[in-house]
Amino acid sequence: MAIGSCGVCREVALFRLMDRSGADPRRSPITLSENKPLTDNFVLIDISPEPRGPEIPESIPTNVHRTLEEAEQCFHRGIYGAAGSAYRKAMERALKHVNPDATGMLNKRIRDIEKAGLIPSSLIQLLDEVRLFGNEATHEDDWDPEKDDIIAAREFASLFLTYMFSLPAKIDSAKKRRQIRESGQAQA
């Protein structure tokens, strides 16, 4: 066993390792060469806690899901600039489902949806924050986003998708279950 920092998320983790040489680790101390990676001497058996997977709201359109999964993979690997761009792209794709006739750049599409009153102003603000973060992550030459920078964009994207797609699907599912129960009671 070894305690260390995960190379992806940088969280403290407990690693269960097996010595590649077959030596019993209880009888011989673990020794590492300074210039060799840990995996040259050991096989990783288990990590605790389990690495977190992507957090993707339910019932979102397939093309949005694909882009959000890409953003989440980048986020969990610490590739925050690419994650910011992908979260922004997920919002662009989601807006096409909200207003299929929308054209132009993302800011114009957000403004058109805002003028039409298709979504609450708080969601417009979420979209603007993800848009601006994605723009900065992609186009700012002298700035490399860090984990703390991307967390807000990630949360805002998730909140928008939950409100626009997951909640309506859950409400629809609850209504259908109730209607089935009520129709079953009427027949009894």
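**Notebook: a walk through a predicted model**

I began with Ser-59, which counts as partly exposed because its relative accessibility is 47%. The cut-offs I use are under 20% relative accessible area for buried, over 50% for exposed and partly exposed in between, with a 1.4 Å probe and protein chains only. Ser-59 sits in the loop between β3 (42-48) and α2. I looked up its phi and found a positive value near 65°, in a residue other than glycine. Most residues other than glycine have a negative phi.

A note on the ground rules: this is a predicted model, where local features need pLDDT of at least 70 and side-chain atom pairs count only at pLDDT 80 or more, while totals for chains, interfaces and linings use all residues. Residues are numbered from 1 along each chain as its sequence is written, and side-chain values use heavy atoms, with hydrogens and water left out.

**Helix α2**

Next I followed α2, residues 62-77. Helices here are DSSP runs of H or I with at least four residues, strands are runs of E with at least two, and both are numbered from the N terminus. The 16 residues of α2 reach 23 Å from first C-alpha to last, close to the expected 22 Å; that expectation is 1.5 Å times one less than the number of residues. Which residues of α2 are buried? I noted Val-64, Thr-67, Leu-68, Ala-71, Glu-72, Cys-74, Phe-75 and His-76. After α2 comes Gly-78, with a positive phi near 80°.

**Salt bridges**

I then turned to charge pairs, taking a salt bridge as a side-chain nitrogen of Lys or Arg within 4 Å of a carboxyl oxygen of Asp or Glu. How many salt bridges does this rule give? The count is nine.

One of them joins Arg-154 and Glu-55, whose closest N and O atoms are 3.6 Å apart. Arg-154 belongs to helix α6 and Glu-55 to the loop between β3 and α2, so this pair ties together parts 99 residues apart in sequence. Arg-154 is buried at 15% relative accessibility, whereas Glu-55 is partly exposed at 47%.

Arg-88 and Glu-92 make another, at 2.8 Å from N to O. Both are in helix α3 (residues 80-98), four residues apart, about one turn of the helix. I found Arg-88 buried, with a relative accessible area of 14%. An α-helix has 3.6 residues a turn, so residues three or four places apart point the same way.

Helix α4 (residues 106-116) holds Glu-114 and Arg-111, three residues apart, and their side chains meet in a salt bridge of 2.9 Å, N to O. Glu-114 is partly exposed at 39%, and Arg-111 is partly exposed at 22%. Salt bridges with shared partners link Arg-111, Glu-114, Asp-128 and Arg-131 into one network.

**Surface patches**

Last, I checked patches, which are made of residues with over 30% relative accessible area and no salt bridge; like charges are joined within 9 Å and nonpolar side chains (Val, Leu, Ile, Met, Phe, Trp, Tyr) within 5 Å. Ile-3, Val-12 and Leu-14 form a nonpolar one, with about 320 Å² of accessible area together, by the Shrake-Rupley method with a 1.4 Å probe, only the protein chains shown counting as cover. Val-12 lies in strand β2 (residues 12-19) and counts as exposed at 63% relative accessibility.
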